[in-house]
Amino acid sequence: MTSDLRIPADLLPADGRFGSGPSKVSDAALAALAASGRSLMGTSHRQAPVKNLVARVQDRLARLFSLPDGYQVVLGLGGSTAFWDVATFGLVRERSQHVSFGEFGGKFAQAAVDAPWLADPVVVTGAPGTLATPYAVDGVDTYAWPHNETSTGVMAPVLRPAGIAEDALVVVDGTSAAGGALVDVAETDVYYFAPQKGFAADGGLWFALMSPAALERAAEVKASGRFIPAFLDLTTAIENSAKNQTLNTPAIATLFLMAEQLDWMLAGGGLPGMAARTAASSSTVYDWAEASPFATPYVVDPAARSQVVATVDFATEGEHAVDAAVVAQVLRANGVVDTDPYRKLGRNQLRIATFPAVDPADVAALVACVDWVVERL
Ligand SMILES: *Cc1c(COP(=O)(O)O)cnc(C)c1O
């Protein structure tokens with residue numbers, strides 16, 4: 001039985017969590033949460049201790065991203081998926097453009113297609129594993145794309161497209177890229193993300209770094225009288241965030257874990273330090289795959305390969321054919337988890353998160369473990 005394969009302990013990574021979200025949460029942050037005891041958990045989110053925790057997260061995010069003047073750190077409940085609905089209700093004036101080259105970019109596009117109060121969006125599509133690029137279109141007031149397409153491991157540039165209307169908004173999904181890749185937030189009007197990927201916390205919240213133009217747009221759309229469900233009302237989130245609060249009860253542990261991770265990131269060189277770390281980890285995977293007889297990087301264009309989510313195809317035929325699902329199963333049986341590919345992609349593939357929290361030495365151990373397993377299948 002392949003599931004009986006026992007990987008030697010000295011080959012195993014110290015921490016076997018390589019999931020692309022939820023992702024590895026550091027032992028130190030979990031210990032700090034436990035040590036916080038009765039000071040935060042189980043206390044009111046309308047009182048100073050939790051409001052100060054929200055303020056700490058907002059302040060650290062502003063520092064990590066060198067937040068440009070006038071930008072605001074806004075947060076709300078429901079994760080990045082909720083933010084797509086927040087944006088179709090409260091940011092898009094009339095017509096958006098969506099770049100879709102995988103599951104997540106596609107989902108935001110679909111939200112706009114389904115919104116009867118908006119004109120049909122322009123959807124720019126790229127095949128999975130490739131990159132597609134936004135471009136100026138007359139009448140488009142909002143341009144949206146993912147910084148990192150987590151389903152395929154494709155990374156996109158974050159640059160304001162040339163020639164777009166002066167008041168058009170650039171709305172970038174940084175859910176998995178944020179914290180692990182360099183970004184100039186000034187190229188965006190909204191850079192949004194969730195805590196359970198690069199920030200090594202738990203799910204359930206969305207964060208949006210909003211420019212003055214985006215704050216103004218939210219006010220303009222609200223004033224137009226459009227029906228906006230209270231839970232998805234961006235102007236309410238903006239007002240609450242300015243007071244270090246959320247409309248309804250947030251997950252306090254998520255905020256705590258994120259604050260701990262942000263402190264760790266800032267102490268480790270901030271965004272440049274984290275980007276160097278994820279680049280080292282992902283290079284380990286890509287270099288190994290390039291040299292391997294049975295593995296190849298899924299993303300053909302090296303410039304489009306993600307530094308935070310590395311996808312590797314395995315040969316499906318010939319003498320080097322390897323069933324990636326079996327490898328992932330054996331790894332799991334040995335405590336190395338969540339290397340499975342994005343379920344809907346349906347490829348013979350491993351997907352390895354190389355977020356900042358993941359130790360580059362553990363990534364090196366992981367590829368050695370894969371070689372060890374494949375030799376014995
Ligand atoms: C995970 C992910 C999402 C969805 O995030 P949730 O917080 O689970 O809603 C959206 N976009 C990208 C790029 C993601 O990786």
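A salt bridge is here a side-chain nitrogen of Lys or Arg within 4 Å of a carboxyl oxygen of Asp or Glu. The legends below refer to a predicted model.

**View 1. The salt bridge between domain 1 and domain 2.** Across the interface of the two domains, the rule finds 1 salt bridge. A salt bridge joins the side chains of Lys-344 and Glu-103, with an N to O distance of 2.8 Å.

View 2. The domain assignment places residues 2–25 and 270–376 in domain 1, and residues 28–267 in domain 2. The contact involves 30 residues from domain 1 and 33 residues from domain 2. Between the C-alpha centres of the two domains the separation is 28 Å.

**View 3. Area buried between the domains.** About 2,400 Å² is buried between domain 1 and domain 2, and carbon and sulfur atoms contribute 64% of this area. On the side of domain 1, Val-25, Leu-271 and Tyr-342 lose the most area to domain 2, and together they account for 26% of what that side buries.

**View 4. Polar contacts and the elements of domain 1 at the interface.** The rule finds 13 residue pairs in polar contact across the interface, with both residues at pLDDT 80 or more. Helix 8 (270–291) and strand 11 (309–314) are the elements that give two or more residues to the side of domain 1 touching domain 2. Helix 8 gives the most, with 8 residues. By class, this side of domain 1 comprises 17 nonpolar, 8 polar and 5 charged residues.

How values were computed: Residues numbered from 1 in each chain as written. Predicted model: local features only at pLDDT ≥ 70, side-chain atom pairs only at ≥ 80, totals over all residues. Heavy atoms only, no water. Domains from an automatic or database assignment. Contact = heavy atoms within 4.5 Å. Buried area = accessible area lost by both parts, 1.4 Å probe. Polar contact = N/O pair within 3.5 Å; in protein donor to acceptor, adjacent residues only side chain to side chain. Helix = DSSP H or I, 4+ residues; strand = E, 2+ residues; numbered from the N terminus. Nonpolar A, V, L, I, M, F, W, Y, C, P; charged D, E, K, R; others polar.
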